[in-house]
Amino acid sequence: MLTASVKILKNAFLDALYPPKCAACGEFIPEAPPSPLPKFLCPDCLMDYTPAASPLCLKCGMPFVSPEGPDHLCGGCLEKKSRFNKARAAGVYDGPLRTAIHRLKYNQKTALAAPMGGMLEQAYLNHYGAGSADLAVPVPLHAKRLRQRGFNQALVLVKHWGRKNGQFPPVEAGALARVRWTQTQAGLKAKERAKNIRGAFAVVRPDLVRGKTVLLVDDVFTTGATANECAKALLKAGAKKVDVLTLAVVVR
């Protein structure tokens, strides 16, 4: 049986050897002029891709069903207090984007990290702007989960930010740790998610976050329970502010 690391190397080699295929349907992607749209989806799947655009919740960044009206707080954010300042995402967690994220996370398709990371970069510039954060902190995995998967999907999306000539904040993957094993959040309701993740994170390098604006990075924003717990730990360690950026947001 191949280990996770060997699978990752094998998939990366094959993806580099053959022309790029759509991360959702598997069709070859034709060459196209530069575009802000995702580069890992074919034209047909792009038609089913929904960007996370206004009108959206001022706090959690969830787009509203109606395309009319200004940005405002959603019902969930009116009822609860979040520790993070605001959250924003590139697209809606549905259709081809959901499929692509699953292939990255669960099928070790790490070659998707580069084009999906480019999509995340554009979302950062659109929603926050260059220089708006002092450092980026990927949501960490527990050591056991990291051994099982072989990589942290949040980290591989931003691992090249340090080479971007100051447009993007430096990545500090060692600032925050997942100190308690938790069951997967998938399938849990909002209150169950909050209870499951409570106390699961701790800042192990407070010197890195003290007095800083932190950009917390993850793949999917669902109820905000994970982001809230991470922000709680970062603020307790002295961070000035915590913003959140994800590839996708779940429309609740």
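Which residues lie nearest the centre of the largest pocket? Select K105, T184, Q185, R193 and D219 to find out: these lie nearest its centre. Keep in mind throughout that this is a predicted model.

**Stop 1: the pocket**

Now widen the selection. The lining of the largest pocket comprises 37 residues. Its volume is about 760 Å³. Colour by element next. Two or more lining residues come from each of α4, α6 (143–149), α7, β5, α10 (225–236) and β6.

**Stop 2: helix α5**

Select residues 113–127. This is helix α5, with 15 residues. From first C-alpha to last, α5 reaches 20 Å, close to the 21 Å expected at 1.5 Å a residue. Step just past the end of α5 to G129, which takes a positive phi of about 100 degrees.

Go back to the helix and show side chains. Which residues of α5 are buried? They are A113, M116, G117, M119, L120, E121, A123 and Y124. Next, bring up their packing partners.

**Stop 3: the largest nonpolar core**

Select F40, M116, Y124, W161, L215 and L245. Of the 36 residues in the largest nonpolar core, these touch the most other members. The elements giving two or more residues to this core are α4, α5, α7, β5 and β6. Which element gives the most? That is α5, with 6 residues.

Centre on M116. Leaving aside neighbours within four places in sequence, M116 is in contact with F40, A100, I101, L104, L157 and L247.

**Stop 4: the cysteines**

How many disulfides does a search of the whole structure find? The count is 0. A disulfide is a covalent bond between the sulfur atoms of two cysteines.

C45 is buried, with a relative accessible area of 11%.

Finish on C60 and C57. C60 is in no disulfide. The nearest cysteine sulfur, in C57, is 3.7 Å away. C60 also counts as buried, at 2% relative accessibility.

Definitions and conventions: Residues are numbered from 1 along each chain as its sequence is written. This is a predicted model: local features need pLDDT of at least 70, side-chain atom pairs count only at pLDDT 80 or more; totals for chains, interfaces and linings use all residues. Side-chain values use heavy atoms; hydrogens and water are left out. Helices (H or I, at least four residues) and strands (E, at least two) are DSSP runs, numbered from the N terminus. The expected span of a helix is 1.5 Å times one less than its number of residues. Buried means under 20% relative accessible area, exposed over 50%, partly exposed in between (1.4 Å probe, protein chains only). A nonpolar core is a set of buried Ala, Val, Leu, Ile, Met, Phe, Trp, Tyr and Cys residues joined through side-chain atoms within 4.5 Å. Contact means heavy atoms within 4.5 Å. A disulfide is a pair of cysteine sulfur atoms within 2.5 Å. On a 1 Å grid over the protein atoms alone, a cavity is a set of points where a 1.4 Å probe fits but cannot get out, and a pocket is an open set with protein on both sides within 12 Å along at least five of seven lines; lining residues have an atom within 4 Å of a point. Grid points are joined across faces, edges and corners, and a volume is the space filled by probe spheres set on the points.
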